[in-house]
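Have the sequence and the 3D view at hand as you read.

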Amino acid sequence: MFVTVTPSTLSGSLAASPSKSHAQRAIALAALGHDATMLSCIGSSDDVQSAIKVAEAMGAQVIPSEDAVNITGGDSLHANTWHCGESGLCLRMFSAIAALYDTEMILSAHGTLSARPVDFMADTFHQLGVTFSSNRGLPPVHIKGPYSRNTALIDGTGGSQFLTGLLMALPLLQQDSTISVHHLKSKPYIDLTLSTIKEFGVSIFHESYETFHIPGGQHYQPATLRIQGDWSGMAFLLVGAALSGEVRITGLPDPVSQADGRILEALELCGATIQVDDDQVITSHNELRAFEFDCTHCPDLFPPLAALAAHCKGISRISGVHRLKSKESDRGFVLLNEFRKLGVRIWQEEDVLFVEGGEVMGGSTESHHDHRIAMALAVTALKANSPVTISGSECVTKSYPNFFEDLASLGGKVGSKN
């Protein structure tokens, strides 16, 4: 599918789309419990649907109703093959949960996730007495539990998703557990994990994110949760408003509750006009200047920040490029490739992406099946000098199915064809 975005000015209000990060965590915890949990404003992204399918494979009863879902955890395993779609969080989080079972579990992947490495989990599982194998370091993974040991030292350089699964699974063991972590990245996502776990009545303690103490013998209690609005998806529309227009987004949580809430810091650094009031953010265009920003703990902000920097006067520096290698695409390479097609001067030196703002040309681009690349190209087009066409634009369904509809509702000129 092709989408063409023509330079245009955004204006109006929009309710934030649901956070797939929060939703997937809540789905997993509901499936690990034994009573009914109600999750509202859950959304319909592909990643959320993958998590629901895994919950059903775990034996949970899932009853959808409008934009909500009722999940009752199951007492017995329904299937030992869990299909994770293209969701990296789903694969890594549920791998740790699969190790609770004393039968061989298989977690499969689809699309771009099939080429993303999983071998980093092997050593941790070995330390915890779990058998693990993969397809030469790639999915599918085979896991045979249960956990027979309760201490491990893990490397957090690759992110927090596998640690999230361990923190969910280990409270269900009879004995206490201790997980030590070196070089943890994406700490805000661990905060989201811990706060969601707490909402289900389970306690975990940590020392400066380096040692996690996990009391055993705990049980997940039923909960009634409204899924948070998604800073990750809304970051693109806030950048779009900073480039051209004024937009009010409602239903967003405290920005510190999600890693990508830091988009407000970047917008302030570049001179955009921002007003934050309770659960809403109003962003509007101003004269924009180059900025420096570290994305090490919020790598999903790289694409919207590249779009922002392309229109800021001067040379912007965005650090943390090493976090981009194993995303839906080789995201650092793709950003360089696609933005250069639009005449943007963009380059990488070691761990820093440099973007020189200036005139952005229109043209034909590719999403590389990466939802965040597609959205970044779309908002870049808002202030380009001619339309930008994006092939493979349907990939936004992974996280934000209504992105192009929402962009159009705010005044973005969006055309599409199959």
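## Overall build

The protein holds twelve helices and 24 strands, taken as DSSP runs numbered from the N terminus (H or I of at least four residues for helices, E of at least two for strands). Its radius of gyration is 21 Å, close to the 22 Å that the globule rule gives for 418 residues, so the protein is as compact as a globular protein of that length. That radius is taken over C-alpha atoms, and the rule is 2.2 Å times the number of residues to the power 0.38.

This is a predicted model, in which local features need pLDDT of at least 70 and side-chain atom pairs count only at pLDDT 80 or more, while totals for chains, interfaces and linings use all residues. Residues are numbered from 1 along each chain as its sequence is written, and side-chain values use heavy atoms, with hydrogens and water left out.

## Inside the protein

Of the 418 residues, 57% are buried (under 20% relative accessible area, 1.4 Å probe, protein chains only). The largest nonpolar core has 73 residues; such a core is a set of buried Ala, Val, Leu, Ile, Met, Phe, Trp, Tyr and Cys residues joined through side-chain atoms within 4.5 Å. Helix 7 (residues 231-243) gives this core its largest share, ten residues.

L305 is among the residues with the most contacts inside the core. Leaving aside residues up to four places away in sequence, L305 touches I263, A266, F291, F293, C295 and I318 (heavy atoms within 4.5 Å). Another core lies apart, with 69 residues, including V141 and F212.

Technical notes:
Buried < 20%, exposed > 50% of the residue type's maximum accessible area, 1.4 Å probe, protein only.
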